[in-house]
Amino acid sequence: MTLRTTTRRSTLAAGAAAFAGLAMPAVLRAQPAGIKLGLIHPVTGPLAFSGNQCRIGGQMAIKDVNEAGGIKAMGGAKLEALLGDAQLKPELAASLVDQFAEAGAAGFTGCYASSLGLAATQAAAKYELPFSIDSGVADSLTSRGLANTFRLFPSASVCVNGAVDELEGLNKQAGGPVKTAVLVHENSEFGTTTANTLKEKLPGIGIKVLDVMAHATPTRDFTNVVLRIKEQKPDLVIISDYLNEYVLLIRTMVQQRVPSGIFSVFGGGFSLKFAKEQNEISEGVLDFNNWWNTKAPETAAFRKRLDAAGVATTYEVFFGYYAVKLLADAFERAGSADKKKVIPALAASTFYPDMLPYNPTKFANGQNEGAQGVGLQVQHADVKVVWPEKFADAKAVFPRAKG
Amino acid sequence: MISLSILEAGLVNGLLTGGVYALVALGLTLIYGVLHIVNFAHGSLLMIAMFGGWMLVSWAHLDPYAALPLMVVIMFVIGWGLYAGVIGRISGGDDRRILLATLGVAIVLDNLALVLFTGDTRTIETPYQFAVVEAGPLLLSVPKLISFGVAIVLALLLWAFMALTDTGRAIRAVAREPDGARLVGIRPGRIFALSYGIGIACLGAAGCLLLPSFYVSPQVGNVFVLTAFTIVVLGGMGSFPGAVVGGLLIGVTESLGGLFLGESLGPIGISLVFILVLLFRPTGLFRAAR
């Protein structure tokens, strides 16, 4: 048996240890609780690439906010991501909202596809939790009167109106070579809304819509669509669909020697990569889409970060990033993650996304009225902003120069 | 109103697209039709074959058709290895376990591709990617014509292999009566791995033939695999001529359905033809190799 003698030194040491032990939980208690954010995107399935890009942007924003000291008005509370894969299933997106609400999420961002966003925002509305949409364009996302849903980015109708304005301007400048168009769109909420609005607006600028062709996602072969386009001889083919179908359709148009010009509204495959790697088919293609402000000084540094991380620069990363930043700004101004304070803070938000080509932020019924799309064109294997003039870094070549 | 020239073009395009479908279905008819392995990994393995081809084209600067023999060998080895090392071991011959094992392989491969290649869409550039053969008013895609031709040749080769060689006979024997086959000295485990390997090797060819006219992404297999299962059942389980005729029939149905009903509603024609064939010929259009 070992006898222990108690000395003054050992008593002091034991006391210090006990104090430290008692003090430790108090220190831990002093850390502000983290704020959980549900990031819901299609990171597998046909929209995996774009969904992942949104998620990467959201995660970058969380990292930036946390590294800058967290939400200062809440004692430096850190943001925590709850990551959800909604594939391309609206019911799964809604179920992820339920799961994350149960796990204590204070807000959500998502969901890239409008069809997923419609289900997820509605599910979040049941809990009255704020939802910051990052890339869905359907007007109905914010026009259904859901008080919890906010979109910093433009809706489909804003972009379609912008596209029609651009088209009218370009056509007038060129002496009106475009008189007829065929619309090709994917058949879910996003493509259908876009095509319906275009069909309504184009006759107003003197362009007759000869046909509207819907197709499913995925579509394996576009030859029939292209043959029908070719038969109708439109001056312009206007496309609204997702990445794979966009590429496949344009390739088939080139192969079948369709002489019409190509203009897309939300052309899913229109990207820097498309411009560079498929220049044989992409040169001169016009698109009206979401993009970043190429003139903003912050953009170059952000793009360098993406390059360093091996992430493609696409607008989805910017949107994912700012969707989180919008929420973080609301937490900061509300001084709380309480939904009853955050939702009014979002409604009154003037948070401006510096790297996006927007007018000042003003929310009306959850939609930022300062948001807009821009006109783009592939020129010399690069994507140039050609409209509006304020943000343009090149002049549009219209009609498209023949090969 | 659809003009006659569009109708003709739609018909020819349907046949050419059907050739592509037949290519994907040929390997499946061996695996699913003859061995009755519900190979959920078929789409994922097609995706692997396409990425393999894409790497050989993009990184080793091979022509996709020159990469074809290499990809056939690589995919055979992958197929053999997967069956011998994973599916066969996990399943122990139990059909339900085989189904779960192939599903597991599909999930792993899909996610592995997402990690390695991201969800991005890739295409290759070849001098002939937009090449066409002019047949009157029709512009026939050269890569699709080649796919069509290879599908026919591959079907003939597989049929000859199954009907005329000892290994083909052994495969049929194992499929019908594994215990009896074992009694006469055939090793069913080895035959299963070999057949699975051959079925997956067909995907090596299909992948390279698809590359000049299609895109590659981690989800690309799903675009074809359900249609391939439909073709195998429609053509007759295990019948190689059935896979080709079924592929062409589905291709034409889809094409004409798209013309008459629109690209959204058009695919309903596939289901209608499938139901009609099963109603009147429940065993499929052709008798399987037995």
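## Two domains in chain A

In this predicted model, the centres of domain 1 and domain 2 of chain A lie 28 Å apart, taken over C-alpha atoms. Each domain is built from two stretches of sequence: domain 1 of chain A covers 35–154 and 296–372, while domain 2 of chain A covers 157–289 and 375–387.

The two domains touch. Domain 1 of chain A gives 17 residues to the contact, and domain 2 of chain A gives 17 residues. On the domain 1 side, helix H2 (48–67) and helix H4 (114–126) of chain A each supply at least two residues. H4(A) provides the largest share, three residues. By class, this side of domain 1 of chain A has ten nonpolar residues, six polar and one charged.

## Where chain A meets chain B

Chain A also touches chain B. The contact joins 31 residues of chain A to 29 residues of chain B. Four elements of chain A give two or more residues each to this side: H2, strand E7 (208–215), helix H8 (223–232) and helix H9 (243–255).

The chain A side holds 14 nonpolar, twelve polar and five charged residues.

## Confidence along chain A

The average pLDDT of chain A is 90, and 92% of its residues score at least 70. Two stretches fall below 50. Over residues 1–6 of chain A the pLDDT is below 50, and this stretch has one contact beyond near neighbours in sequence. Residues 14–29 of chain A also stay under 50, with zero contacts beyond four places in sequence.

Technical notes. Residues are numbered from 1 along each chain as its sequence is written. Chains are lettered from A and ligands numbered from 1 in the order in which they are written. This is a predicted model: local features need pLDDT of at least 70, side-chain atom pairs count only at pLDDT 80 or more; totals for chains, interfaces and linings use all residues. Domain bounds come from an automatic or database domain assignment. Two residues are in contact if their C-beta atoms, placed from the backbone, lie within 7 Å. Ala, Val, Leu, Ile, Met, Phe, Trp, Tyr, Cys and Pro count as nonpolar, Asp, Glu, Lys and Arg as charged, and the others, Gly among them, as polar. pLDDT is the predictor's confidence in each residue, from 0 to 100.
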